[in-house]
Amino acid sequence: MPATYYSTTTFLTLSINKHLYSGKHFTYVAEGFYPYGKGNPKSSNPLLIFTDLYQPWQDRDPYDKFIAQHRMSVRKGVLAKKNDGAISKRIAKDLNRVADRINLDFFYPVVYRINTDINSLVAAGRAVLAGSGLAGSSEYLIQELDNSEFDIYFDDNQSTKYGNLRNPTGYYSSHALAVNDLLAWS
């Protein structure tokens, strides 16, 4: 039986990937939700990332360093997608504003459980050892994980109505409309 891999991110990142990056997700994954004994440091441990996101989300702590770091990671991803031509300069500018200002509700952590065998992704060149994986942990980077290749766990936050952002990929007829929904929360 192949190993199961997980990743933890935020509803913000899930929404951006789903609606602005054509349902393609840039994600680091680790073997097991709590990869204890597999050499994974805190930075590549889905359970510990979940708790690092959940506590400031629950406490509504706008000064949390982990949230600030995630905001910067979103900006880094926006720059990469703009440089690749996947999004326009205008959309990138708006997404940077979203990253800097969006309501803390969007930092609710969600967990991806990869339902595709990691070995087949490696063989196809879609998953590579990266980050702590280069030092012996069970971490891989998947740059374009498709919506159909994972299940979402713990996306049960109903305290905020995210509106159309919960809809499937392809719901919005343009990037601008998806960004407008995100900007409304910023």
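User: What covers the buried residues of α6?

Analyst: The cover includes α1 (11-20) and α4, where helices (H or I, at least four residues) are DSSP runs numbered from the N terminus. This is a predicted model, in which local features need pLDDT of at least 70, side-chain atom pairs count only at pLDDT 80 or more, and totals for chains, interfaces and linings use all residues. Residues are numbered from 1 along each chain as its sequence is written, and side-chain values use heavy atoms, without hydrogens and water.

User: Why are α4 and α6 called roughly parallel to each other?

Analyst: Helix α4 (residues 89-101) and helix α6 (residues 175-183) pack at an angle of about 20°, with axes 10 Å apart. Angles under 35 degrees count as roughly parallel, and α4 and α6 are therefore roughly parallel to each other.

User: Which residues of α4 and α6 make the contact?

Analyst: Ile91, Asp94, Leu95, Arg97 and Val98 of α4 meet His175, Ala176, Val179, Leu182 and Leu183 of α6; contact means heavy atoms within 4.5 Å.

User: What makes Asp94 buried or exposed?

Analyst: Buried means under 20% relative accessible area, exposed over 50%, and partly exposed in between (1.4 Å probe, protein chains only). Asp94 has a relative accessible area of 11%, so Asp94 is buried. Asp94 lies in helix α4 and, leaving aside neighbours within four places in sequence, is in contact with Val179 and Leu183.

User: How do you know where the buried residues of α6 lie around the axis?

Analyst: The buried residues of α6 are Ala178, Val179, Leu182 and Leu183. They cover an arc of only 140° around the axis, so they lie on the same side of α6. The arc is taken from the directions from the helix axis to the C-beta atoms.

Definitions and conventions
Axes fitted to C-alpha atoms, helices over the stretch in contact; angles between N-to-C directions. Helix = DSSP H or I, 4+ residues; strand = E, 2+ residues; numbered from the N terminus. Parallel < 35°, antiparallel > 145°, perpendicular 65-115°, else oblique.
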